[in-house]
Amino acid sequence: MESQLALMDQSFNSRYSSLVREALDDLPDSFTITDPCISGHPIVFASREFLKISHYSKDEVIGRNARMFQGPETNRKSVMEIREAIREERTIQLSLLNYRKDGTPFWMLFHLSPVFSMEDGRVIHFVAVQLPIARKSKGFTSGFGRNDCNFGEAGSRLPEIVFGSCRKEVCMDSVKQSVPLWTRGSFQNLDNRGLEVEESCEASALEKQKAATSINNILSVLTHYSELAGKLVCGKSCNLSGTNSLGSSLIVSLGRIKQSFVLTDPQSPDMPIVYANDAFLKLTGYARHEVLGKNCRFLNGPDTDAKVICQIRESIQTEQACTVCILNYRKDESSFWNHLHISPVRNASGKIAFYVGVQIEEGCKNGWGRGLRPEMRQLGVVGAVKVAVRSLSMGAGPSKS
Amino acid sequence: MFTVKQFEEDSCMLKYDAASEHSQCPWMPLQGTKIPLYWLGSQSALDNGACGRLSCTPTEEQSLLDSLFLAQWEDCAWKGFLRYDVTACELKVIDGRRKFVGQLNEGWNLNNFLKQNPFTFQCMKKHRELLLFAIASVEITNPEIIHSATVPDDASLVVVNANPVEYGHVFLVPHGLNSLSQLMDARALEMVTRVAVEINNCSFRVFYDYSSANHPYFQACYFANPLPVELMPVVTIHGRQKLEGLHIYEVKDYPVKAFLFIGNGNLKMLIEVVAQICSWLQDQKVPYSLLISDCGTKMYLFPQADRKQHLFVDREGNCGPLISLTWPKLNH
């Protein structure tokens, strides 16, 4: 796992200078920073206060996705709203139930904000602030979720532990606070209503303001240190030049695909690469910043057949998919035969948003052991990309085209 | 034609003329056809793997069945066997609270759909290319793909829908062609649920529509965004004190009546109960629709409103036959 941690560190240190960690550690707030460009959208930084309230250690948190703090009673709709906010690259503030390491739940005001790179307008990180709040509502949560441990007798009910003043309203038959509570209580009999709409915990206006201030402080620190690193970031989406930048949620979906592929943007001049996954970089020997923004022709070389290049160009012009076998060159100038499949990929507006190019190195046996022929695996990548790109942002209103 | 993407309603595409030849024509096995065969290993048993997840938390990599499914569909599309490119159809969110999605689909044509019944012998013979692959249950540890195999008699079939409503739109025929109709039973439901679990992709959903006028069958497709009904708040109807068990909710604030069933670590029970309810509805000739989402762990049931059914849950005993034709008002 060391390489995983190193990857996290590197993602962070390269965007801001390495001094940023100290500055972030000085902040009193509980927050995490996640990187949507890394597969799995992992946490790359957790503040000391966050580790304190969640009872996790840094190593247990870095590299993991934030869903690890969710549990049985976490409101599913809230989780989906957060996902949508990530997909749409906007801020969101809501109350959320999270779980500490020992399984005890706590309510907090969750405030998420994207960090945009000013170079290309992409979201490079998300900052999430967690402000613990006392539960004031009188209702009970009968959230839906799963239970994964058999605890207690079948008949006993173990309501969730709640903060503060609501405690006395909860039926406390036999509950001790130290009991790990991965159970769900059914509160249907606690009052005669029997049916409850799931309720959440409302934060006060003061708490909401506090969360917003925390976010601003964190963003200031990040902005300042990004300037030092020469790669300015900002808290608002700065790139409105109409280029086809990839949303974070799309990047997360694409991260599931382990075969080498790239996405190119046909609407930008010279059809540059806008996404290249790790497998592609490994295959070709280039670093990501060396390929993003460039046309794929850098892979061609002295012995590359011009007719094949023509064939590719024609397919793209006629908006057709094609499969070719082309001689390509790595960064170290060694060559390989590339069974390349290129296909147009449309977004929710129905128009072509990208071209996907899936590469298979001839003679390479990696990953084929799972039973799918290389050509089929290639098409599987195309299908997965098409499904992901076709997703639309669910903001109300007309599509952007 | 403009279709509103609400699969749970009586989607008109699922109606066709019952006088078509399907019910008279006996099924003949697909002799000589060779297609990829996916061996669903015994590890995909429903009690492990699928439980213990709050939401669909797919592993970091695409599953093998997911890859195969998408690959075969894309191959079919590329070869031009589909009537149109569904990804070229524009999607728009309809203004409103529930964010329904409309699709502008000029290629879709009701007549085309009426003529094509995938389960007639003639249709299958003529359109063998629409048969994407088959899935068979085998006692092996890890799943495997046989690239070209004759179709075992009771294998489940995946047949592409040449008039797709979304990417990956197929008909799922659990347990093959032996049964003329695809009336819901526990065995069929279990098979399609296993497929959903195995695909392990939150974008993949299975649909079933039963109406006395229609020939019912399972369909599936991929759609990356949550469907509107999945975002609606719910009211608990039945949540047992036991940790494992079935939880039943009623979906609030939705234009048609909808119920949500979650297995909470026990998909077998979920399947049994839902299948039982559906069988009962079928016996009563009550039309309904079913939506299986979240990698097979959630099932939405939409009994048709015109019969004004309520789901009444017996809280004391097991989740047995749960439907009553009387009108118990759910106590609030």
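Predicted model: local features only at pLDDT ≥ 70, side-chain atom pairs only at ≥ 80, totals over all residues.
How many helices and strands does the secondary structure of chain A come to? The count is 11 helices and 11 strands.

**Stop 1: chain A as a whole**

Select chain A. Of its 401 residues, 56% count as buried. Among the contacts in chain A with a separation of 6 or more, 57% are between residues 24 or more positions apart.

**Stop 2: the sheet of chain A**

Next, select β7, β8, β9, β10 and β11 of chain A. They form an open sheet of 5 strands with antiparallel pairing, in the order β8-β7-β11-β10-β9. At the edges are β8 and β9 (322–329) of chain A, each of which pairs on one side only. From one strand to the next, the twist averages 30°.

**Stop 3: strand β7 of chain A**

Zoom in on β7(A), residues 261–264. In a regular strand, side chains alternate between the two faces of the sheet. Which residues of β7(A) lie on each side, and are they buried or exposed? F261(A) and L263(A) are on one side, V262(A) and T264(A) are on the other, and all of them are buried, leaving both faces of the strand covered.

With β11 (residues 352–361) of chain A, β7(A) runs antiparallel and is joined by 4 bridges. F261(A) stands opposite V358(A) in β11(A). With β8 (residues 273–276) of chain A, β7(A) also pairs in the antiparallel sense, over 3 bridges. Two pairs can be picked out here: L263(A) has Y275(A) as its bridge partner in β8(A), and T264(A) stands opposite I273(A) in that strand.

**Stop 4: the nonpolar cores**

Select L254(A), F261(A), L263(A), V385(A), L189(B) and F261(B). These have the most contacts inside the largest nonpolar core, which has 97 residues. Center on V385(A) and display its surroundings. Leaving aside residues up to four places away in sequence, V385(A) touches L254(A), I257(A), F261(A), L263(A), V345(A) and V356(A). A second, separate core has 33 residues, including I38(A), V44(A), W107(A) and V115(A).

**Stop 5: the sheet of chain B**

Move to chain B and color its strands. An open sheet of 12 strands with mixed pairing has the order β6-β2-β5-β7-β8-β10-β9-β14-β15-β13-β12-β11. Why is one side of β6 (144–150) and of β11 (234–239) of chain B left without a neighbour in the sheet? These strands stand at the edges and each has a single partner strand, so one side stays without a neighbour. Neighbouring strands of this sheet are turned by 25° against each other on average, direction ignored.

Inside the sheet, select β13 (residues 259–262) and β15 of chain B, which run antiparallel and are joined by 4 bridges. L260(B) stands opposite Y300(B) in β15(B).

Helix α4(B) packs on this sheet, touching β2 (34–40), β5 (131–137), β7 (156–160), β8 (170–173), β9 (204–210), β10 (218–222), β14 and β15 of chain B. Its direction makes about 160° with that of β9(B).

**Stop 6: two helices of chain B**

The crossing is right-handed. On the α4(B) side, the contact is made by A186(B), L189(B), E190(B), T193(B) and V197(B); on the α5(B) side, by L267(B), K268(B), I271(B), V274(B) and A275(B).

**Stop 7: two loop residues of chain B**

Last, select K285(B) and D294(B). K285(B) is not a glycine, but has a positive phi of about 55°. Its place is in the loop between α5 (267–283) and β14 (288–293) of chain B. D294(B), also a residue other than glycine, has a positive phi near 55°. Its place is in the loop between β14 and β15 (298–303) of chain B.

Is each of the two buried or exposed? K285(B) has 51% relative accessibility and therefore counts as exposed, whereas D294(B), at 6%, counts as buried.

Methods
Residues numbered from 1 in each chain as written. Chains lettered and ligands numbered in written order. Heavy atoms only, no water. Core = buried A, V, L, I, M, F, W, Y, C linked by side-chain atoms within 4.5 Å. Buried < 20%, exposed > 50% of the residue type's maximum accessible area, 1.4 Å probe, protein only. Contact = heavy atoms within 4.5 Å. Pairing = 2+ DSSP bridges. Left-handed = near helix turned anticlockwise from the far one by under 90°. Axes fitted to C-alpha atoms, helices over the stretch in contact; angles between N-to-C directions.
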